[in-house]
Amino acid sequence: MGSIELSEEKTYTQPRNSSLPSWKLTAREILATKTQNYFAQMKRTKNILMQVAFSIGLGSVWRFPYLCHRNGGGNFILMYFFMLCLFGIPLLYMEMIMGHWLRVDNIRVWKQLVPWLGGIGYASILVCILISLYHSVIITWSISYLGNSFDNSLPWNQCPLVKTINVTDLSCLRTVSHQYFWYRSTLSASGHIEEGVETLVMQLTLGIFAAWCILFLIMITGLKTSVLILVFTVFLPCILLLCFLIQSLFLEGAVASLRHMVTTELSAWASLDLWRQAGGHVLYSLGLGMGTTINFSSYKAGEDNYIQVASLMALVNLGTSLLVTSIIFIVLGFWATTSGPTCVEKSVSKLMKLIKRGVLPQDAKPPEDILLLPPLDYLEWISHLPQHLQNQIIRFSPSCSIKTQKGKFMEGPGLAFAAFSQAVSLFPGASFWAILFFLTLVITGLNTLIRILESITYPLQNSISIFRRYPKLLSGFLGSLIFTSHAGSYVMSLFDDCLVPLTLIIIVAFQNVALAWIYGARRVREEIFGDLGRLLWSFLTVLWCYVTLPGLLALTTISLMQLYQTEPPYYIAWNSSMSHEVKQPYLQGTLSWVTFLSVLAFLPIPIYPLQHWWYLQDHIASDPFEKLQSKKIPLVPPKPWPKHGMKSQEGNKDSSSKRRSLSLTRGPNLNSWWRFNLPLSSQSSSWFSLPVMNSQTSTLSTRSFSLPVSRQVSPALTPVDNSDQHVKTKDENQHGNSVR
């Protein structure tokens, strides 16, 4: 917690009776102050760079483009921008300020604010586990392309060399070679999701093993990220993307493609699926509901203006997404422009040049009227040639589609890989650019996945002792193997499109309800002002209460309707015989797995209060005298709420600690939340609050567990008719604080 250490450091000052001249003391003080300010600024810059680097993750480079392409370009962009401003920034600021305020991890935040919803943190961890499983296979795809980039002739620029030639191998000429390489060489994709799940692709299995080994070494060695690495992670992708954009602007159909990307139709806003995908991607790209923002803000807390940081993250995320999408749309336009008759003309011209140079024999010369015939007749002529000539013609054919593409080229999750493999081949020395780009993509994916894994390990190690002793138990290699099968990309689409957005929306909705309505947005605003000396923008609290929460509930309803409607959702599969993508509906048996995993991810939310209610009932039954004793002991009413002024954190530490210890005894708040926590007439504590196993007192505070020593809240109500018991209770509380 570098920023916390900076706030506690003091500048060095000499005693007054020192014999050193006053100008030397002044110079030393100035030097110490400058040094302290320099390190403080460096740590603040590092924290901001780490958050910006997370925003330039796989969500911007990989996920946003294919969602934008699937939903018509400008329609999705406009909807995403609308929901980013109205939902993304307020909710991102909410998680940032919660972590900075309470200084605890994602699990303990909800245990302190709303104890009976303490399972939200565990649900976030389960969702992070699901995301980490299929994120690792995206890194594996990048590693596969990186390995193929070391060839002098990039393998995706032409049809792969096959040993046995038959008519079906002409499928490479029916589409662009980059799409063919993605489905046939990289994925070895099956025809549908139910086929080939039990068989693994060897190269992908080795790649995912290498990815998890790298992650395992980084996690156990605790490799610290320097500012130079962060600058490399943030600025290198942007520089490469700008170079690709400039180069791709010279392709055919570039202007028309960009015009198509920004074209919007207001009638498309009536599509509920557009709202669902745009809203789900806002949460996904900003890491909302995963706990990454809360955890990072808790142990990297500083004096940042978090509304500016949240806006910066959203702006960088949107800018990177638009930059990547522009490149991909230009490449798609180039493929559409050069397909069909244009591709036949290019192929015939290249064949004639190779025949004149003696590379191909005269038997490979196409008929003179071939350009006047339909494009499929050109494929029919090739199929009647001898096998050795077929092999050579397919090998030397340009990377374009002979068959006229009436539909879209790529709608699946591999769009970014196929399009960028085309973009890097435009540069001279394409192998170097391919190595540089896919290496950057691997580093970006690892950076994103490390942040997600930290949001799993960091809270669990703080809450469960077994993970503190054996952190190596957290491994996802075996769970990721299903994504390396022949149908692995389809299973990944199921997770990415149906499962993860639904769970994130519901978790963020629970967070919003817990903070804005159960704990109270006004109460949060007042307590943050008292504790941090910072007044929240009232407009944000209004958004939390009346905009983001209804929007999240609406998105939840839309997601459930889309999942269980009459027409099931579809995924993009590869038809190898026709060499193009087809839409395949998910079977009910497949969607039942989504239901099962969704219920499994949400189980901690209802189980957590039931567990503590059962534990409390068992404690009351085992100690029957506690009820009688609690009736006889009078309780002291809470002290009045002191007034607070705007003070810096470097003021009096005693008054600050007193101010924090009284944050739960403020009068106006008793009418809202403490009604649920006041003891019943026959019980010593309510099941809504976490019980303290003490035979004399019961803690009614909603923020009484897992606090650091500097922010520990004292019990709100204590017995007063027995001073010895009161002293004993205080000593036991102090002993518990020291143990924690």
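Buried residues make up 54% of the 740 residues in this protein. Buried means under 20% relative accessible area, exposed means over 50%, and partly exposed is in between, with a 1.4 Å probe and protein chains only. This is a predicted model: local features need pLDDT of at least 70, side-chain atom pairs count only at pLDDT 80 or more, and totals for chains, interfaces and linings use all residues. Residues are numbered from 1 along each chain as its sequence is written, and side-chain values use heavy atoms, with hydrogens and water left out.

Now the fold. The protein has 27 helices and 2 strands. Those are DSSP runs, numbered from the N terminus: H or I with at least four residues for helices, E with at least two for strands. Take contacts between residues at least 6 apart in sequence: 81% of them join residues at least 24 apart. Contact here is heavy atoms within 4.5 Å.

The largest nonpolar core has 178 residues. By nonpolar core I mean a set of buried Ala, Val, Leu, Ile, Met, Phe, Trp, Tyr and Cys residues joined through side-chain atoms within 4.5 Å. Which residues have the most contacts inside it? Leu113, Tyr134, Trp141 and Phe420. Helix H21, residues 488-532, gives the most to this core, with 24 residues. A second, separate core has 24 residues, including Leu351, Ile370, Tyr378 and Leu385.

Stay with tyrosine 134 for a moment. Leaving out residues up to four places away in sequence, tyrosine 134 touches Trp62, Tyr284, Phe483, Met492, Phe495, Asp496 and Val500.

On to charges. How many salt bridges does the structure hold? It holds 6. The criterion is a side-chain nitrogen of Lys or Arg within 4 Å of a carboxyl oxygen of Asp or Glu.

Start in helix H11, residues 272-286. Aspartate 273 and arginine 276 pair there through their side chains, at 2.8 Å, N to O. They sit 3 residues apart, about one turn of the helix. Aspartate 273 counts as partly exposed, because its relative accessibility is 28%. Arginine 276 is at 4%, so it is buried.

Back to helix H21. Glutamate 526 forms a salt bridge with arginine 522, the closest N and O atoms being 3.1 Å apart. The two are 4 residues apart in helix H21, so about one helical turn separates them. Is glutamate 526 buried or exposed? Buried, with a relative accessible area of 19%. Arginine 522 is exposed, at 67%.

One place along, in helix H21, come glutamate 527 and arginine 523, also 4 residues apart. Their side chains meet in a salt bridge at 3.0 Å, N to O. Both glutamate 527 and arginine 523 are buried. Salt bridges that share partners also join Asp273, Arg276 and Asp497 into one network.

Last, the surface. The protein exposes about 33200 Å², and carbon and sulfur atoms supply 63% of that. Areas come from the Shrake-Rupley method with a 1.4 Å probe; for residues, only the protein chains shown count as cover. Trp593, Phe596, Val599, Leu600, Leu603 and Ile607 form a nonpolar patch, with about 580 Å² of accessible area together. Patch residues have over 30% relative accessible area and no salt bridge; like charges are joined within 9 Å, nonpolar side chains (Val, Leu, Ile, Met, Phe, Trp, Tyr) within 5 Å. Helix H23, residues 588-602, gives the most to the patch, with 4 residues. Tryptophan 593 lies in helix H23. It counts as exposed because its relative accessibility is 54%.
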